[in-house]
2 protein chains.
Amino acid sequence: MEEKCSRKQHEILNAVIEALEEMEYTKLTIEDIAIRAGVGKSTIYRWWKHKSDVVFSAFAYKTESVFDLDFNQSLKFNLQQQLLKLSHALSQGVGRALLVVMAEHRESAGKFFQQYLLPRRELVKKLLQNSIERKEIIADYPFDIMLDSLYAPLHYQIIFFNKIPDEVYISKLVDFILNPILIKNSAE
Amino acid sequence: MEEKCSRKQHEILNAVIEALEEMEYTKLTIEDIAIRAGVGKSTIYRWWKHKSDVVFSAFAYKTESVFDLDFNQSLKFNLQQQLLKLSHALSQGVGRALLVVMAEHRESAGKFFQQYLLPRRELVKKLLQNSIERKEIIADYPFDIMLDSLYAPLHYQIIFFNKIPDEVYISKLVDFILNPILIKNSAE
């Protein structure tokens, strides 16, 4: 993952995102991406070693705003919005490809998780801390397990049930997870 | 998934399980399996159309006893045992391969889910019903969401965190999920 992407890199990532709407990850080749982006294969290899790496970058590029939080809004509102956007992102070609790549390439998956997903989870933890301070939720709770139980069902529904979690499902899930910790008299 | 497997089919499934301990799913070929099982490729194709189908059968064969429940034991005990066995199964070669195949082959994943996983989920629901009747847990609860929040973190931890949930993690997870619904004076 590059900190700052050049215009050409963006073109390549957009080409990957488009391509994955039309074909499966396993069938996608670096050559397909190169043709679509109008660059040589060597240009792609300059930045990415393997097509799985391009998928990680494309997913990160595509989901930049998915993980934005609004600390002025309630915890419930933030989680509902984020999960809905995440569900949408995972249901698209590049999101499906990410799930394949995560399952298949253990090592680069670990790197992607550390560099991209973990910092975003830390941001959610900051929001939780903030919610504790403003007496929206109780302070003593197994928050790490809670986050797993909140985010994992999205991937589970997509991979195992072949269903994209919609607003109704996500609203139920957030209620299920938050109800035990919400302090009832808090503004919401 | 065959209802009853012949000895030769078992040999093929064992060959797949062994092979996946040594190599990644994507690198595995039907030929590898045939050589290992000491059969011709056509024998394999007689029962399975694609290597992903063999992986589904191998996982089902390997995990037959994983989903056994003991209705004489507490809900908590059953869930802890099942999740621990499931975590172990998913951490082995054939389990990792299953996660790749589920992410990659949407259609056959749906079939596998319907034929193998869903009936086992229904069995857990029967156990829940039983636990309600014996006043171990409350009756009114979003049990479907609860099951997602209980099982999904296993796959999530394996795929995203690259961690195999151990006894400590699973015990915390089961407590987290069950504490809100346990009726305190029930024997456990």
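1. This is a predicted model. In chain A, helix H5 (residues 75–91) packs against helix H8 (residues 143–159) at an angle of about 30°, and the two axes are 10 Å apart. Angles under 35 degrees count as roughly parallel, and H5(A) and H8(A) are therefore roughly parallel to each other. The crossing of H5(A) past H8(A) is right-handed.

2. On the H5(A) side, this contact is made by Leu79(A), Gln82(A), Leu83(A), Leu86(A), Ser87(A), Leu90(A) and Ser91(A). H8(A) contributes Leu150(A), Tyr151(A), Leu154(A), His155(A) and Ile158(A). Sorted by class, the contact of H5(A) with H8(A) holds eight nonpolar and four polar residues, and no charged ones.

3. As for the chain as a whole, chain A has nine helices and zero strands. Read from the N terminus, its elements run α-α-α-α-α-α-α-α-α. The C-alpha trace of chain A spans about 60 × 35 × 25 Å along its principal axes.

4. The record lists "domain: HTH tetR-type" at residues 6–66 of chain A. In the model, that stretch of chain A is 70% helix and 0% strand, with its end C-alpha atoms 21 Å apart. UniProt also places a "DNA-binding region" at residues 29–48 of chain A.

5. How do the two chains relate? Chain B can be laid on chain A by a turn of 180° and a shift of 0.0 Å along the axis, with an RMSD of 0.0 Å. That is the relation of a two-fold axis. The same surface serves both copies, since 100% of the contact residues of chain B recur in chain A. Among the residues of chain B, Ser149(B) comes closest to the rotation axis, with its C-alpha at 2.2 Å.

6. One helix pair joins the two chains: H8(A) packs with helix H9 (residues 167–178) of chain B at an angle of about 75°, their axes 10 Å apart. That angle makes H8(A) roughly perpendicular to H9(B). The residues in contact are Ile145(A), Met146(A), Asp148(A) and Ser149(A) of H8(A), together with Tyr169(B), Lys172(B), Leu173(B), Phe176(B) and Ile177(B) of H9(B). By class, the contact of H8(A) with H9(B) has six nonpolar residues, one polar and two charged.

7. Within chain B, helix H5 (residues 75–91) and helix H6 (residues 93–104) pack at an angle of about 80°, and their axes are 4 Å apart. H5(B) is thus roughly perpendicular to H6(B). Ala89(B), Leu90(B) and Ser91(B) of H5(B) make the contact with Gly93(B), Gly95(B), Arg96(B), Leu98(B) and Leu99(B) of H6(B). The contact of H5(B) with H6(B) counts four nonpolar, three polar and one charged residues.

Technical notes. Residues are numbered from 1 along each chain as its sequence is written. Chains are lettered from A and ligands numbered from 1 in the order in which they are written. This is a predicted model: local features need pLDDT of at least 70, side-chain atom pairs count only at pLDDT 80 or more; totals for chains, interfaces and linings use all residues. Side-chain values use heavy atoms; hydrogens and water are left out. Copies are superposed by least squares on the C-alpha atoms of residues with pLDDT of at least 70 in both. Contact means heavy atoms within 4.5 Å. UniProt positions are given in the numbering used here, feature names are shortened, and annotations may be inferred rather than shown by experiment. Axes are lines fitted to C-alpha atoms, for helices over the stretch in contact, and angles run from 0 to 180 degrees between N-to-C directions. Angles under 35 degrees count as roughly parallel, over 145 as roughly antiparallel, 65 to 115 as roughly perpendicular and the rest as oblique. A crossing is left-handed if the near helix is turned anticlockwise from the far one by less than a right angle, and right-handed if clockwise. Ala, Val, Leu, Ile, Met, Phe, Trp, Tyr, Cys and Pro count as nonpolar, Asp, Glu, Lys and Arg as charged, and the others, Gly among them, as polar.
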